[in-house]
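I opened the model to look up the ligand site first and a handful of single residues after that. My entries follow in that order.

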Amino acid sequence: MTKVSPSLLSADFGRLNQDVEMVNRSEAALLHLDVMDGRFVPNISFGFPVIEAVSRVSVKPLDVHLMIVEPDRWVSRVRDTGAAIMNVHAEACTHLHRTVQAIRAAGMKAAVTLNPATPVGCLEEIVADLDMVLLMSVNPGFGGQKFIERTVEKTRKLKKLIADSGSHAEIEIDGGVNLETGRRLVEAGADILVAGSYVFGAEDPEAVIAGLAAL
Ligand code: DX5
Ligand code: ZN
């Protein structure tokens, strides 16, 4: 079984309740929330009021992916939403070690996200302290982009780095995930698949989630 984290970015924001309830009924392990600030990425999505509203309806643990500058400023605000996992980009953290410790001290799982061009080797000194590493398989900022093929090999490299460090970190992949890319990612060592447009663009989103979970 593979853990699936449907990305609400591709949901219908006019009927968010129904879409969260669909995820509640589904085999999804987590619910992925993409926060964008228009600075770290060239797009703006949603912020704390939306996360708080979703948190009240969701029975799945919230997997909050912050595509923002200076994410360390928001650790307690994210914790207060009830989020289970706080994902920060390595590229956005000058003092990544301090930020990771702050996330854990706040009682959340600490996850570090890498952009496609950022090598996994940059995590060598911190991976033992992480609960999750999120590899971007598209450039962050938008749903529905084409999967970057090199991510499959990068997943293998990350799997080895995690094993060599005695880390318990899970590997999550985000961007362009479907049944075909998902299968290859799971073979390479992915534990969690994020999927936005593939899930919410489907006629039967629950069946799509079940299909990914069966990989
Ligand atoms: C992109 C976000 C993703 C996005 C994925 O920056 O981090 O979570 O929703 O969308 P798909 O699955 O459509 O590539
Ligand atoms: Zn994301």
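**Ligand site**

I looked up the contacts of ligand 1 and found a backbone N or O atom of Gly144 at 2.8 Å from one of the ligand's oxygen atoms. I count a polar contact as a pair of N or O atoms within 3.5 Å; within protein, one must be able to donate a hydrogen and the other to accept it, and residues adjacent in sequence count only if both atoms are side-chain atoms. Taken alone, ligand 1 exposes 390 Å², and the protein buries 100% of that. Accessible areas are from the Shrake-Rupley method with a 1.4 Å probe, and for residues only the protein chains shown count as cover.

Before going on I noted the conventions: this is a predicted model, where local features need pLDDT of at least 70 and side-chain atom pairs count only at pLDDT 80 or more, while totals for chains, interfaces and linings use all residues. Residues are numbered from 1 along each chain as its sequence is written, chains are lettered from A and ligands numbered from 1 in the order in which they are written, and side-chain values use heavy atoms, with hydrogens and water left out.

I then checked two further ligand contacts. A polar backbone atom of Gly141 is 2.7 Å from an oxygen atom of ligand 1. For Asp34, a polar side-chain atom lies 2.9 Å from a ligand oxygen atom.

Which residues come nearest to ligand 1? Of the 19 around it, they are Ser7, Gly141, Gly144, Asp174 and Ser197; near means that a heavy atom of the residue lies within 4 Å. By class I read seven nonpolar, ten polar and two charged residues in the shell. Here Ala, Val, Leu, Ile, Met, Phe, Trp, Tyr, Cys and Pro count as nonpolar, Asp, Glu, Lys and Arg as charged, and the others, Gly among them, as polar.

The space taken by ligand 1 is the largest pocket. The elements that give two or more residues to the shell are β2 (31-36), β3 (62-67) and β8 (192-195). Helices (H or I, at least four residues) and strands (E, at least two) are DSSP runs, numbered from the N terminus.

**Single residues**

I looked up Asp131 in the loop between β5 (109-114) and β6 (132-136). Asp131 counts as buried because its relative accessibility is 14%; the limits are under 20% for buried, over 50% for exposed and partly exposed in between (1.4 Å probe, protein chains only). Its side chain makes a polar contact of 3.0 Å with that of His168.

Glu70 sits in the loop between β3 and α3 (75-80). Its phi is positive, about 50°, although Glu70 is not a glycine. Most residues other than glycine have a negative phi. Glu70 is partly exposed, at 41% relative accessible area.

Between the C-alpha atoms of Ile103 and Val75, 28 residues apart along the chain, I read 6.1 Å.

In helix α6 (residues 179-188) I looked up Arg183, which is partly exposed at 43%.

Terms used: On a 1 Å grid over the protein atoms alone, a cavity is a set of points where a 1.4 Å probe fits but cannot get out, and a pocket is an open set with protein on both sides within 12 Å along at least five of seven lines; lining residues have an atom within 4 Å of a point. A molecule sits in a cavity or pocket if more than half of its atoms lie within 2 Å of its grid points.
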